[in-house]
Structure formats: structure tokens, C-alpha cells
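Hi everyone, thanks for making time.

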Amino acid sequence: MTLPTRLPLLVLLLPFAAFVVLAVVAPLRRAGARAGLLSIAAMSVAFMAALVAWVEGFRGEATWSWIPSDGGPIATVGVLVDPLSNAMLVLVTLVSLLVQVYSLAYLGDEPPASLGRYYTYQSLFAFSMLGLVLSPGFLQMFVFWELVGLCSYLLIGYWYQRPAAARAAVKAFWITKLGDVGFVIGIVLLWSATGTFDFGELFARAQEHALAIDGLGTIMFLIYLGAVGKSAQFPLHVWLPDAMEGPTPVSALIHAATMVTAGVFMVTRAQPLFALVPDVLILIGWVGAFTALLAATMACVESDIKRVLAYSTVSQLGYMMAAAGAGAADAGFLHLLTHGLFKALLFLAAGAVIHAVGTNDIFRMGGLFRAMPQTGIVFIVGTLALAGVPPLAGFFSKEAVLSGVWEAHLTVPFLMLALTVLLTAFYMFRVVFITFFGRAFEAGHPHEAPWLMRGPLWLLAALTVAVGIRLAVGGGEHEAPGWLVPLSLASAFVGFALAWAMYQRGLVDPATFSTALAPFDFLARRRYGIDALYAGLYRALVLGFARLIGWIDRYLVDGVLNVLSALTLRAGAGLRGIQSGRAQDYVYGVAFGVLLLFVWAQLWR
Amino acid sequence: MTLETVGFGVVAALLLASSLAVVLTPNLFHSVLYLAAALVLTGVVFLLLEQPFLFAVQLLLYAGGVVTIVVFAIMLTERLVGDRIGQASRHPINGAIVAAAVFAGIVGFLIQAPVRATAPAPAGDTTAALGRALVGPFAVTLELLGVLLVAALLGAVYFARSEE
Amino acid sequence: MAVGPLTLPILSVITWLPFVGALLIMFTARHRPRAVRWIAVVTTGISTLLSIYAYATYNHEAAGFQFYEKVPLVPPLGISYELGVDGISLLMVLLTSIIISAGVFASWTVAVRSQEFYALLLALVTGVYGVFASLDLFVLFLFYELAVLPMYLLIGIWGSTGDVRPRGIFAWAYRETGVGTKEYAAMKLTLYLLFGSAFILVGIFALYVSAGAASFSFLELEAAVFPLGLQRWVFLAFYVGFGILAGIWPLHTWSPDGHASAPTAVSMLHAGVLMKLGAYGVVRVGMGLLPEGAADLVWLVGGIACINIVYGALSAMAQTDLKYVIAYSSVSHMGIVMLGAATLTEAGLNGSVFQMFAHGVMTGLFFALVGLVYEKAHSREIGKMGGFGNAMPGIATAFTIGSLSSLGLPATAGFVAELLTFLGTWRSGHRWWLFPAVAGTFLTAIYVLRVAKQIFWGPPSPQFQHLEDARGPEWVALVVLVLVLVLFGMAPGLAIAPVDTATVPLLARIVGP
Amino acid sequence: MIGLQAYLVLAALVFAIGLFGVLTRRNAVGILLGIELMLNAVNINLVAFARFNGDLAGVVFTLFTISITVAEVAVGLAIVIAIFRVRRTVEADRLNLLRG
């Protein structure tokens, strides 16, 4: 094992060590902030190491046997280091670090024991996410895939005493698990066909066209289902908005920047395999684009600031998936990275707002720019990046995605994505205008967040700009049609203008507008009935069927048995009459026995 | 009709009569007295079968011992109860039928059984031979019997002893 | 492996030490509850240490049965006291040690007649060890009975009575048999298991007679060749006989009632180890001695296992009593065990054995936790509980980890077991088995998390004011079990390496090398 | 000469009478008396066979039977007295502890 693998391994093991220490040493965990400091220290070192690995452009692979069997190990674990994982390492460690620092202030009022628990989970999450990123094979990826899901579950349910949080945590777990059912079947099938989980070996065979197995399309589709769940693609996107019940930094880290992108990362990682099954790719592209549009429409009618951002995340994940489906996985991955930065920024800024006003409802905010200008500025930076305004990071990655989809001749998905650009600008500026400008609503005195929270915000904002400029300087390789930039800019501007006209100037009454688009409005506000559909299916189908089976088991399967035993008891009760307890009656029995013997001896001998 | 036949007839009749009296007398005390008679008469049957020693044993042990014990027992329980113990029969008809059926069954066998040649009457006194048999081939049985009697004695004492 | 004359008969010591403990408890510790517990801790502790030692020193290269001991008992009939373990049985011996060690600590608070309780418990453990270590079918059967019978007393005396409403067309029978009472549960369990053991006995005698070697020794019977027709029905007899103990559908109903009524340590042992006894019997005796019969009947074994998985999970979802949920989850998970065995693949069989271990530890943990919750809250009604996480964070954490293992989350032992079983199914002759198995894990996620959420999450229920977390000895039980779950989940090779040395030759006999 | 048959019939009759007594007596002591009659019948049989087969073993058996009977009566009466002390009755109908 050499430095290129050892350093990423260090990145992986540092948060793990922090987790183990926090999990085992209870006094430290209960100390709260000190637990946070330990976790942050581990993360900072990990970040440095990741940065080194990225800058140096390390490559390498190291594996160890995990599940042995007679003919060599069935499964291995290890680290796979390449530019893809290096970039992700930096993103994950960076956002984790910033979020952990931010949480120190954001969750400062929590009881120490809870805060310690929070940082324990955070360390575990960082470890799991890094493990996922470094996976050299599908199995390890699945292992960490589930672990990040676990962390998501635990962190959404951080305030476990709130029924809504408890519900959301369980819902998130179930829905993503549903996708994982496909994932696990997929990798089982893949293993049965090829005998390996290893990316390197699979890709090599794919390159040599030696991967002609029956049903590869099915297998890849099943694996993709895992990504559908984790990356909140239609129709399994319903858990992500609910996941906003967790603390805001958690939403920033897990439900915007890192974990939800695992699906995209996986599709990107397994690109050589997906490339063999164009049908599945096209499906991925369609579903991605549709998800993007669907989520954007729901974001337009949402009034909870975090949920708007959540729908926006779903929408952007749709972009990434659409790019992956179009075969432009690089573009999708670039969008993943830039989105990770500015969406984390948006969430953290939203967290600062929520922290200040104590509500999530944008209509109970207003005019906050005056009270907290710094937060306002970084929020607007994030908004511009999300809306795809040059020279911010989001612009370039979004252009790359759009051009990739166009060049793959996925015309309808392209149109959906283009429309989404308009909607994105609209719903984001809607939030900006309502929250930061407009009439001051709250009677309280909102104030700027403490520096522990502002620091990460500014850093992320600076990175968003810097990455954008870096891309503007060096990112001219992709061949986009000339009309693409004007088109997307125009769409974004239309969205912005619409939001401005409706929520800032009052030129258009939002109510009239929604009446005009009544059917959409109606559906979007009800989340297109998908949540209700799931709830109904769950209650009627799963629980109903379970009750039926439970009843059958208790009263039919067991009933037959109880009838048998009751009959035995009855027969016994009938026969016990013979047993009078009087010795003389038994003498009758003896006498009859003797008589029987006589008769037998006389007649049948 | 020889004297022996007459004697047997008389003894048998008396035995049956006293036996019936045992099981039919309402008074328990009388019943015991009839039992004593029946036992003595059984002894006489033994005499008829040329076993004078058994006759003696029967008189001593049975008629003497058993009857005495039973009389004691009755008197003891009567004293405890404080009045005479009555004796009624339960389901006499059922009992009679079953008993008659068993009797019939036995007789059925007896009728079918082949009649074997009668051995000559033992010459001289059989008592000596009996004694030799007891300490000879039956010695172990005799010892075991002794053990049994001791055990029964202890058991009887245990059951009947007063509560501390 | 040669055993010198001076070597410690390690398996005998492991097996009989708890029995010695039971005797000591009965004769020396009257009215001294602390002494009772310490005797139990020391004797089971030494057994545990010895089994860890045996596990660590098992020779993987040599494989086969090791730590061999043989003392002829009834030479004319070919009955001998013959012990020996291979990878599979060794893991089961280790599991037994872990569960009983935890069980002794978990039932620290048994107040009523603790002397008899611990004595019976330890006697039972000797039976369990004996079954796993025996290589003589006759002695194995004796140990099997020793493992089953104390159950009756343990449940009948120390059990708890549940609430089952007589309903449906058979309601009259429910009233007459007293469904729900501990006496009912104890009787049901005992009768069921004795019913099963009758099948086993017949099977053993059939093999004994048919082999004609006048020997009950497993090794000698293994060498014998049985006609296919005999193999088929004897395998079926073993499958039914041992399978009842493993909770195969539809002969599983003793298990929810029994587990729900049993006191904590007994549920732990029963669900944790005794059910494995059944699965172990099917694999070791059924498949080991009747390879062709087993190969002929795996469709039945696997098909019923699939029913078990899904049916058990759905039944668990329908329960309102916490103990019943866990009990039905055992029915579901034992389905995975039987399914893995039925795949007749290396991965599947390893998964099956690993699942025996994983489920043993997991369900032991669950029953320990349920016992604790019940002890503190005096309720098993899930619907009435809520927000316990605040008052008992340790219990909540352990429960969560148990749940995660139950639903097959990676880094817990449950995942490896389920994954290997899945891998096995698709390579077996019946690919469709994969789907019910995977569906089962998803259903498990639903009911397990639902229960965890209802009990530990949400606002604290006002009904339960004075809840407290686990204490002293109870912690020992929880920590040991959680650690084992996670350790074997992260390093499955610990278990699979020795198990593999046993499963590969076994499969070679069944499906050829 | 009286044949074996006559003795056997006599014994059978006594046995039947004794059985009748056992079956119908209400008093435990009365039942015991019935048993004595039955045993006597057996003794008659044994002695008769001994006499007519010329084999002394029957007589020996009779001796044993008589001894055992004495023991049995002693124990039986002791039990009767013990029961009587506890239950205040020797009515056989009330002595039904054996009831299932």
C-alpha cells in the first residue's frame, strides 16, 4: 500500500476514529461542545488530507478480503482512489467540516448530551459517505450506501421527540430502502452472472466486450433503482422534503450536498457498465428530467423555506441524473460538485434565517435584508448560482448538463430541463423577495448569526464564486450549441422577472396567476398525490395485508391446533367420569376384565 | 352316600351360609362373627382335605388373629364415632349379577377341564414334610415373607399411630 | 486430529460445567440468591471462555471434527458418548456461550425462586451444548430432550400471561384451552417439541437399522449408503422433527406464544439458541446423513422457508404486543436460515449458518431488551408506549442496533447473513426464492422501525413516569450482545472462515464437488 | 369320594360371595371382610389341588397366603383407622380421592 491509497484511507479512518471515541467514551459525548470539537478536529485533518490527495491527483487501489469463501473471497473491501473519488473526498470533507463548525453555533442551545449524540452521528456519516466514495466495488458501495441511509435516518430523527421528525425519519428510511431492494437484487444478479463485485474487473470486462451477460439491462436497471431511492428521483422522491424535519445543517450536508448525490455518484462511477445498456440510460435521462420539472413545480408553491430548497435539490438531482442518462456523466458530476457547494450555502443561510426568526414559513418573514445583510448577500449568491447566472459555479455546470442532454438527442427531456431553468429562477427569487425584501413581518428583532455560522457561509459563497471563475477561465472544452447560453439565460431571466413582478412589485397578483394555472397549482400543492398514494398503499396494502395474515395466523392456523387440543380436552373430560375415585367401582372393572378374559378364553381360543 | 360325602355337604352348606351371612348382615359386628365361623369352617374343609396342620394354622392365625384385629378395629372406630356403625349394601343387584357371572365363568372352566387321576392320599403326617419344604426349596420365600411381615407391621404402626 | 490422553476434554467440560453449576446451585445455594447468580456466572463464564478458546484454536487447515472425545456407553447397541465439533457446530457452541452468558446477566432480577430458575436454566444449557457437540445420534437425542424439557417448567412457573381474545370460528376452542396463559404456552411448546422429537427418534432408528452397522455414531452413519427411498422419507422426518423447533410454517405457532410467555432469559435462549438447534439438526443430521434425500426435497424446504420469511414478517407487523413482534420476527428470520440451507450453494449455506449465529445474538438482544422494557414499564402493549428514548437512551440505542441487524443493515451481522443467502438463492435451482427473501427484509424494515419509533421516539408518554435505563448486570448483557453483532458484522470472516471448512465438504456430499 | 370338582365349585362359590361383599359393602371394614372370604376361597383351591395332585407346594402356598393375609389385614385396618381419623368416615363412597 502506498501513499496514494494510504492518504485517502486516513481520510476515511479519521471520522471513524472520532465516531468510535464518541460512541464509546460516554462522558466525552455527554460533554456536548467538546465532542463537537473532537469531531471537527478529525474532520479538519481529513479535509487537509483529502485536499492533498486531490491536488496531487492520486490514483490507486487497495483491497482486503472481507467475506471469505473456498475459492477466494466473495467480497472485498478497500479504497479506490481516482479523480472522481478525490473530488468527492474534498467536497464531502469540506462540507462536513463547515457544517460541523456551523452546527456548533446553530445547535448551541441543545442539551450537551444531545449535541454529543449529534456529533457522533455526524462523524459516522462522514465516515460512511467517504467509504461510499472510496468504494472499489458494488458491495462496499452498498454497505456504505446503507450506512449513510442509517445516518440520514438518525439525523432526521435527531429531535426524536417530535412526532413529525420521527415520522419523517422512518419514511426516509423506508422509501430509500425500497430503492435499495432493487439495488441489492441487482448486485446479487450481477455477482451471480460475473462472480465479482469489483469495479475494476467489471470495467475491464466491459471494455473488452466480455460482459455479454443475459439481462444486463435488467441488472443495471435494478441497480439504478437504488439511485432512484437515494437521489430522490421520481417516484421515490417523496422522502426528501419530509427529511427537512431534521436540523438545518443536516439538511445542508446530507440532504443537499452529499448523501442524496450518492445515487448520481454511483451512476457516474458505474458509467462504463451503464454505457452498455443504452435503454436504461435513456430511461435514466427521462426520469431525471421529469423529476427536475416535477420538483420545480412543487417548489413554486411551497411556503416552507427548507422545503423549497428540498424540492430544488430534488430538481437539481434530476439534472444530474439526466446528464448521466445522456451519457454526459462528467457534466452531471460537475453539477454535483458545484451544487454541493451552493446548495449547502443556501441551506446554511436558510438555517441562519430560521435561527433568527424562529419559523420556516417564508410568509412570516420579510424585509430581513436590513436585519441580516450578510446572510442576505450569501443567500442571493447561492440563488444566482442555482439559477445559473454567470460567472457563478452553477451556470457552467448547468450549461454542461443541458448541452449534454441536447447532444444525446433527448429532445423532450431537454425541453423539460430548459423549462425547469425558468422555474428554478422563479421559485428561488420568490423566496428571496418574500424573505429578504418586502414588508417586515415579524415583530421580533432578527439579528445576524454568530460568526461561527457566518464563517462557513462566507467561505461557501466565496467558493461558489471562485469555482465559477475557475470554470469560466478553464472550462471552455465542451462544445455547446451557440443558442444554448442565450436560451438558458433568457429562461432564467424570465423566471426572475416573474418573481420580481409578483412578489416585489405586485404587478401580477400571485392568486390570479395560480387561478390561471389552477390544475397545476392544485396538483403541485398536493404533491401530485404521490405522498397520499404511498400512504394509502402502505395502510391498505401492507398494513391491511399484515393484519389479515396476523388474523389468519392467530385464528386459523393456530385455531386448527386449538380445536384439536380442545377436542382432546373434551374427550378427556368425558372419560374422566369413569374414574369415580371409589375403589369398589374399580373392582367392577377388574371383574369385567376377568369376565372378558373368560369369554375370550371360551370363545376365541 | 358315604359319611365323607355327608360331612362335606354339611360343611359346605354351613360355609356358604356363614359366608352369605358375612356379606349380608347389616350389623358389622355380627358380620365379623360370621366371618370367624366361615374361617373355622374353612379350616374344617382343610381337615377334610387331610391337612390338620393347616387347620390349626387357620384357627390360630385367622380365626384367632384376624378376627381379633378386626373386632378391635371396629370397636376403635365405633368409639371414635360414638355410635354403632351400620352396614347397608349398595347396588346389591349389580353386585350379585357380577358375582354370579364370575362364578358362572369359573364353573364354565371347571366343566370343560379334563378330569385327572386323583393322587393317593399322602401317607402319614405331612407336617414334617411341610416343615422341610419351608426351610428347603421355599427358604428364600420364607425369609422374604418375614421381611414383608416386618414391613407390614411397621407400616401398620405408622398408619395407625396417633398424631404425636 | 489426534488427542493425547492427557488433553483436557474441552467439549465435555464446556457441556457439563453448567450442569455442575445447576447441581451446585441446588445443593449449596439455598436461600442465597447472590450465590446462585455467582455460581451461574462462573460456570457459564468458564464455559464461554473455553468455547472462545476452542474457537480460536480450531484448526482451519485440518477441518473436520476436532476436540474429539469418545467413551463407549452401551457397546452392544453401539451407543457411545462421542463429542466433536466442526466449523458449524463450533460456531453454534460459541453462540450458546454468548447467549447464556448474557442471559444470566439479563435475568439478574428474577426474584421468585431464583435458585430453581437458574438451576433449570443451566441444565437446559448443558442440553444445548450437548446437542451441538454430540456425534452420537442417540446421545444427541438425549441432550435434545434435556434441552427441551426444562422449558416447560421455566415457562410454566416464571412465565407471564398474555392477552389473546377468543375470536373467529374457533373461539370456543380458545376459551377451552386457555390461549394466552403461560400454562397454555408452556404446554403448547412442550407438546410441539415432543411431537417433533418423535419424528426425530423414528428417523434415527430408521438410519440405525438400515445402516446395519450397529452404531449410532454420526461418523459411521455418514459412511453408510442409504437407498434413495429411505433417504427421502427419513429426511422428511428429520425436516419436520427438527423443523418444528426451527419454527417452520405452519408448525411455528408454538414459538410466538412460547416466546411471549417465557421469562427473559428463557426467551433469549429459546429464540436465540434452541431454534438454531432445529436448523442445525436439519443441516447436520438431515443433510449430512441423507445427501440425496436432501437434494430431492430442497424445493420443499426452500419453498416453506420463503413462506416463513414473508408470512412471519407480515404477522409480526400485525402484532400489538412487543414480545409477539419479536417472536414473529424470529419466525421470519429462521426462514432465511432454512432458505440459505436449501440453496445448496456454498454462499447460501454459509449464509444460513451465519444467520443462525446472527439471529441468535440479535434475537437474544431483542428479548433482553423487551424484558428490560417490560420490567420498567410493566407493559408490552406497543400502542401504549411512546417516547421511552428519553428515559432509557441505552436501551433505545441497543434496540436500534438490534433492529438494524434485523433488517439486514450492513456493519451488523444480519447483513452478511442475508447477503450470502441472497447470493446463494440466485445460484440455486430455484432462483425465484430471491424475491420473497428480499421482500422479507424490506417488510422487516417496516415493522421493526415502526415499533422502534412507536416505543422510543415521539413525545414521552404521560402514563409512564418513572422509567429508568438499564442497570449494572443488565448492561453487561446488552453490551456483550451489541458488540458481538457489530464485530461479526464488520469482520464476518471470523465466523465464515471456520464455517466454510464444514460447509464445503457437506455440499460436496450433496451436489458433488 | 368327593372329587376335586366339588371343592373347586365350593371355592368358586365362596369367592363369588366374597366378591359380592366387596362390591356391595358400604363400610371399608366390610369390604375387607369380603376380601378375606375371597382369599379363603383361594386357599381352599390351593389345598384341594395339593391334595388331589399329591403336591405339597399348594399347602406351602396356603401357609404363605395366610401369613400375607394377616399382614394385609393389619395394614388395611391401619389405613382404615388412619382414613377414619382424617375424614371421620369409613363410608367407602366418600373415599374418592382417586377421582380423576
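Let's start with one residue: which helix of chain A is the place of Val485(A)? That's α22 of chain A, the helix covering residues 484–505. Just so you know, what you're looking at is a predicted model.

Now, is Val485(A) buried, exposed or partly exposed? It has 16 other C-beta atoms within 10 Å, and being buried takes 20 or more while exposed means 12 or fewer, so Val485(A) comes out as partly exposed. If you look for Thr359(A), it sits 126 residues from Val485(A) in sequence, and C-alpha to C-alpha the two are 38 Å apart in space.

Helix α1, residues 3–24, and helix α3, residues 33–56, have axes that come within 8 Å and cross at roughly 175 degrees. Anything over 145 counts as roughly antiparallel, so that's what we call α1(A) relative to α3(A). Who makes the contact? On the α1(A) side, the residues include Leu7(A), Leu14(A) and Val21(A), and on the α3(A) side they include Leu38(A), Met43(A) and Val52(A). By type, the contact has 20 nonpolar residues, one polar and no charged.

Last stop, chains B and D. Here 72 residues of chain B are in contact with 58 residues of chain D. On the chain B side, several helices each supply at least two residues, among them α1 (3–24), α4 (92–112) and α6 (139–160). Which helix gives the largest share? That's α3(B), with 14 residues. And that side of chain B divides into 53 nonpolar, 16 polar and three charged residues.

Conventions
Residues numbered from 1 in each chain as written. Chains lettered and ligands numbered in written order. Predicted model: local features only at pLDDT ≥ 70, side-chain atom pairs only at ≥ 80, totals over all residues. Axes fitted to C-alpha atoms, helices over the stretch in contact; angles between N-to-C directions. Helix = DSSP H or I, 4+ residues; strand = E, 2+ residues; numbered from the N terminus. Parallel < 35°, antiparallel > 145°, perpendicular 65-115°, else oblique. Contact = placed C-beta atoms within 7 Å. Nonpolar A, V, L, I, M, F, W, Y, C, P; charged D, E, K, R; others polar.
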